[in-house]
Protein chains: 4
Amino acid sequence: MFRFSDLSMTLQHQLREFFDEHIYPNEMPYREQLAWAQNRFAPLPLMDQLKQRAQDAGLWNLFVPKSHGEYSAFGGLSNLDYAPLAEQMGRVTWSPEVFNCNAPDTGNMEVFMRYATPAQQSRWLTPLLNGDIRSSYAMTEPQVASSDATNIELRIQREGDEWVLNGRKWFITGALYERTKILIVMGKSDPKNPDRHKQQTQVLVPKDTPGITLVRPLTTLGYDDAPIGHAEIHFDNVRVPLENVLLGEGRGFEIAQGRLGPGRIHHCMRLIGAAQRALEETCQRVDNRTTFGRKLSQHQSVREDIAKSFAEIQMARLLVLETCQKMDEVGAREARDMIAASKISVPKMVQDILDRCMQMHGAGGLTEDYFFAEAFNYARWCRQADGPDQVHQMALGKQLIEQYGKQ
Amino acid sequence: MFRFSDLSMTLQHQLREFFDEHIYPNEMPYREQLAWAQNRFAPLPLMDQLKQRAQDAGLWNLFVPKSHGEYSAFGGLSNLDYAPLAEQMGRVTWSPEVFNCNAPDTGNMEVFMRYATPAQQSRWLTPLLNGDIRSSYAMTEPQVASSDATNIELRIQREGDEWVLNGRKWFITGALYERTKILIVMGKSDPKNPDRHKQQTQVLVPKDTPGITLVRPLTTLGYDDAPIGHAEIHFDNVRVPLENVLLGEGRGFEIAQGRLGPGRIHHCMRLIGAAQRALEETCQRVDNRTTFGRKLSQHQSVREDIAKSFAEIQMARLLVLETCQKMDEVGAREARDMIAASKISVPKMVQDILDRCMQMHGAGGLTEDYFFAEAFNYARWCRQADGPDQVHQMALGKQLIEQYGKQ
Amino acid sequence: MFRFSDLSMTLQHQLREFFDEHIYPNEMPYREQLAWAQNRFAPLPLMDQLKQRAQDAGLWNLFVPKSHGEYSAFGGLSNLDYAPLAEQMGRVTWSPEVFNCNAPDTGNMEVFMRYATPAQQSRWLTPLLNGDIRSSYAMTEPQVASSDATNIELRIQREGDEWVLNGRKWFITGALYERTKILIVMGKSDPKNPDRHKQQTQVLVPKDTPGITLVRPLTTLGYDDAPIGHAEIHFDNVRVPLENVLLGEGRGFEIAQGRLGPGRIHHCMRLIGAAQRALEETCQRVDNRTTFGRKLSQHQSVREDIAKSFAEIQMARLLVLETCQKMDEVGAREARDMIAASKISVPKMVQDILDRCMQMHGAGGLTEDYFFAEAFNYARWCRQADGPDQVHQMALGKQLIEQYGKQ
Amino acid sequence: MFRFSDLSMTLQHQLREFFDEHIYPNEMPYREQLAWAQNRFAPLPLMDQLKQRAQDAGLWNLFVPKSHGEYSAFGGLSNLDYAPLAEQMGRVTWSPEVFNCNAPDTGNMEVFMRYATPAQQSRWLTPLLNGDIRSSYAMTEPQVASSDATNIELRIQREGDEWVLNGRKWFITGALYERTKILIVMGKSDPKNPDRHKQQTQVLVPKDTPGITLVRPLTTLGYDDAPIGHAEIHFDNVRVPLENVLLGEGRGFEIAQGRLGPGRIHHCMRLIGAAQRALEETCQRVDNRTTFGRKLSQHQSVREDIAKSFAEIQMARLLVLETCQKMDEVGAREARDMIAASKISVPKMVQDILDRCMQMHGAGGLTEDYFFAEAFNYARWCRQADGPDQVHQMALGKQLIEQYGKQ
């Protein structure tokens, strides 16, 4: 059984209370503010109020890892201790931002903590930790399979004391959001380097730099995920000073590798929260709905679906917790088998659970009157985010065959 | 092997040509007209142009069944002959309206053909057949499980020479569309009738009748299906003359029964077209995309997914054609086992095929750059439309147990 | 809808009557004769009686294809016309032998019809058609992936006026059966031929030829499939005269290609019969069994399982019939996409249906008191027989990508 | 992460070594001794040798729970501490008996520990703990759905100073085994008692009591599970003294309830060992087998299957460990939701993993040359053992709806 620290337990309790008091009652108002927004990618007033309340309550920057505890009011949390907090946030899709814990900013802040110079940190990390600005991570490109990072084609060329960027990116989460000010851009700076993992560089590009065009918002299953959203961006002779390089020229791949483990597992944690909520709401629904002379809850197939979903949630949660603890103990690199196992299992499992729960809600289950559809979209999207599942299955399968196959 | 009539073969050929010439090239323009529309539920200019072209080409009212051949320029088609035409239309989600073949108007027109008085027909059926107006069928209610039609609660009371309607409906497809003028409303007129199937009546209600409120558009998985859409509607002392009754007081259930068989099977036909297109586009994609040093098409798992999808499409199509032929030969009532088998199999199968094809398209597969996401939403929705699959499984299971269980 | 010839309809009727009168009542006696047999691979007296009756009834050699109608009392049947007959036989696993329609003899007889010399035919084909002897087809080898026929390693060398065979085979169906007299053996005669499809030769080897060792019976999921069974065989300097070559030296691959299409589809036909029977028996069971105060048939999940199984059987059957008709019209080679689609879909679908039906029979469903377990083993085995499904998915996927991918 | 006690860690290590030295090398000899046994239900000499070695090594009665530590040389183990030991034993289907840890004896010994009188214990429990005799638990009846224990019909009547038993039982594991001496029989002693859970009584019946007929061995998927096996038994005026009652008249249901939790979870533990072994062997196989010019391990679909199986095993194992720890902390009754979750998830998951692994082994994977088929049968059987999964889903679904539905 997984044991959480006292600190985590206290935060879990406070977070649940915060949800009861501030988040659930604001689900409908949030939806309405967004629906009536003139600009879907502008900050919502409600979000700013809730952020202030979360800061007042000390529920802020919960994602900060123990290894960078200096950035957290309470010294950071282990992955294991953070898991139930992220699960709680997963119950309301837009809630992580309230606690400054939303993707991609959490991953970006970690990048700044680990790889940025003090000057870069004071300019970008500090306002990010304060929730004053947002950030994007520009990796994926439309024309190549970006799960293989060596395919990246956006060109970064050094000209005098500047980097010059040319190319296209898409699925750049957050870039449309008005509050987003800084992009971390991965590109190819040295395409002829014989070491294919040294051809890439990452540079910091303020969003208002000339030459950047936000071409359009992208949707997934019809959702634009506003106000954070996913953008297609074109870079046309975009120039930034040399000091905007992150870590160093040719070290882009190294940063990319370090960034992704925790991000994937955060998605999984949140998805489990979505599934758990779906299960609970479905239990309430089936007990209150009658069809063909019998409560839905008395139909054997309904009970089977609920029992199966419960068991799957248990398994998914345990897998994620085990992964977290392994990450805490041996690091993300050594835990990559478990990270991959979580990434390929949890989103699909949660997608199926949500599909079942929607079905038990009738046609209404597909609408915005419930949170299922939006969560379903999130789960489906996660099967592509950070690389399609198939890529992780390939890597994990290969690793296992090496491990067991040589015996 | 299923043999289509010469007429059907000719129409299939013409329809494919019409798609090549007019529909596929207009997919992007259609999307843009809709995106920029001030009112998402207003008719699109492009649609009107295409409708005119379809009429000119004689590709109009293809859905008209042989039994009502007088309403068709070429004497109507059998279900079997119509199937490949509907499949073709399923390749572009919004295309059926071009040919005056979209739900729910096709089902409503059939209702008018079978059950309406000559006066009712000349007022509503004629403009519907001409494509001048659209219609809705108001059955589902938010507060009860409407798949069991005896649950319907909207009250229809006779007062003097009027029917007075009070109650709520939702998922009323087409009601928001500006061109929609008439609603067929199912309600309860005689709640104390000991025969539970005689308590219902259907009346014709012009959309502009006072007391009708279009409360809001409903979405499914984030899609509003504009411009046709799905509405929530409130009826507050809505009054129509007695002659607006359809077929007769207490015969609403009878009409509902007669309406649904063909509608379900039309959905299945169209979904097969969507799946077939997805398969074809995926075959093209995987042959043009390289990852980890190999074409996607050379990965064994990609080939397996494509092979499986092909086999499933074959099976789904054959099931639907067999169902059509049985309907043609013995009528929808006697073919209800096959209709149910199609309804519970095809949408789920197509949803899974689309899910696979999206996955093979990477993150882009989830966007509007491809037709997958919208088709996925259509398939998912069809698992609820005309009653959740579970209700049909219940009825079919019961029927089979009776048929085989007594031996 | 698929239309069978009058001849097929008559035979279907007669066959059903024969089952009612002679096959079903002998299921338990057959099982007992086998259980008490001293030699599990000896012919059973009951089988010989039933064969005589089938011959008397004219239900003999139903498998003979129309193209070789001269070997049939009624001129042979098309694949389509044979399908419902094979489906009927699939209802009792051991019954095909009663009608001289069991694998691998049917496939072998076709090989003799197509490729054998008159002398070979009179020596082997005639007694096979009479049911006096049985035969085996020795292809699969334990040490190589035999689904890729070019991997075959059994060595066939020409020495003087003899072929000399050395090597190992396994899963040689029928070889253990006492009545089996002749083996068709595929081996490598010309390993250095630059055309990898000309390296193989097939020769006829009487089972009593010195040097042949029947090493052991093989089981699948615990079943030995006695009395026909599957053998491992070693060939140690086995010598046969040159005239025992089939078709000609270097033409083994060509024969292998021609043989397999119909065999695969016969398996599918029979499996559908097994699934159909399982469905029928399950309908009877659930109507006669009470648990937790309610008939099994009243549980919603039971109805759902039965409805799903019905739909799947319909789809599987239609797929097979469509495949048959395509084979009849354009030949097995041109119909290989549909043959592959059947091969990869039907056995897995039937396995799942049987699994469900067993489960609805409680623990007893796993025993020999019912036919489920044996049929389950047959379905599972068919996913490997004639090559694992994955090989056929690979070929079909590749073909589809070529077909659609180049557009 | 789950932490095992030092004792458990030591035993795990010793057990793994014992397997390397004594169990794996004897798999083929065991199979052969059984194959050549004149009586398949007689003790095998090899088993007795191995039992002696296990006793010498102190690897004996590992199952004894901490609560009854007095029966164990090392004071008993918690469920959590036992789990990895049982998993190890699951790698070889017949191995648990070597360590006196096989079903149904473990469950029966627990019954004796908890409910038997000192006299009953000294007569039966002591030789059971020594491995000198074996026992059966006679619950399931062929004519009723025995998962609902109130359905049990075997009649137990008090006549003078004797209990008289009449009725039929089946699936009585171990009853055919020659070494089995005692049956615990559940029957109905008071059919008219208004409390349906007080109608049952359990009595101890020596196997050689007159009136007992071992009718036949039952198979599952073709396996007789010899030498332990599953029997059908008839009781015809079987008489035992009154003192043979267990716990007391009318308390049979109470015993049945207490017995089953640990048994179910032991099955799950062992199945995980089978799946883990299957995964390991498959990794070795695919790295040593070439098809179509490429190692199996290089096919993307093979890697996906292996990755998926790894993730599923992790989830299944974590679920079982969590269940164990909950049982250790709050007792089996309070942990029944987790026990049910394990029971409905693990056997099906393991069945599917084994199915995949068999498929990656080609036709040979279905034979006795590998352990897959036997393990597959075990997994399939466990979906019925201790009640079909559906019954547990029903109970768990109901419990969850109550828990969450009332909020």
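**Notes on the chain contacts**

1. Let's start with one pair: C:Arg3 and B:Glu329 form a salt bridge, with their closest N and O atoms 2.9 Å apart. Keep in mind that this is a predicted model. Between chain C and chain B the count comes to two salt bridges, and eight residue pairs are in polar contact across that interface, both at pLDDT 80 or more.

2. Which parts of chain C touch chain B? Helices α7 (252-286), α8, α9 (336-359) and α11 of chain C each bring at least two residues to that side. The largest share comes from α8(C), with 17 residues. By class, this side of chain C has 22 nonpolar, 12 polar and 12 charged residues.

3. As for the extent of this interface, 46 residues of chain C are in contact with 46 residues of chain B. The area buried between the two chains is about 4,200 Å², and carbon and sulfur atoms give 67% of it.

4. Now have a look at a helix pair. Helix α8 (residues 300-334) of chain B packs against helix α11 (residues 389-405) of chain C at an angle of about 80 degrees, and their axes are 7 Å apart. Because of that angle, α8(B) counts as roughly perpendicular to α11(C). On the α8(B) side the residues include B:Ile306, B:Ala307 and B:Phe310, and those they meet in α11(C) include C:Met394, C:Leu396 and C:Ile401. The contact of α8(B) with α11(C) has seven nonpolar, four polar and four charged residues.

5. Chain C also touches chain A. Here six residues of chain C are in contact with six of chain A, and the buried area is about 430 Å², with carbon and sulfur atoms giving 42%. C:Arg294, C:Gln300 and C:Ser301 supply 76% of the area that chain C buries against chain A, more than any other three residues.

6. How many salt bridges cross between chain C and chain A? The rule finds zero, though two residue pairs are in polar contact there, both at pLDDT 80 or more. Helix α8 (residues 300-334) of chain C gives the largest share of the side that touches chain A, three residues. That side has no nonpolar, four polar and two charged residues.

7. One last pair to find on screen: D:Glu329 and A:Arg3 meet through their side chains in a salt bridge (2.9 Å, N to O). D:Glu329 sits in helix α8 (residues 300-334) of chain D and A:Arg3 in the segment before α1 (6-23) of chain A, so this pair joins two chains. Over all chains, a search of the whole structure finds 100 salt bridges.

How values were computed:
Residues numbered from 1 in each chain as written. Chains lettered and ligands numbered in written order. Predicted model: local features only at pLDDT ≥ 70, side-chain atom pairs only at ≥ 80, totals over all residues. Heavy atoms only, no water. Contact = heavy atoms within 4.5 Å. Buried area = accessible area lost by both parts, 1.4 Å probe. Salt bridge = Lys/Arg side-chain N within 4 Å of Asp/Glu carboxyl O. Polar contact = N/O pair within 3.5 Å; in protein donor to acceptor, adjacent residues only side chain to side chain. Helix = DSSP H or I, 4+ residues; strand = E, 2+ residues; numbered from the N terminus. Nonpolar A, V, L, I, M, F, W, Y, C, P; charged D, E, K, R; others polar. Axes fitted to C-alpha atoms, helices over the stretch in contact; angles between N-to-C directions. Parallel < 35°, antiparallel > 145°, perpendicular 65-115°, else oblique.
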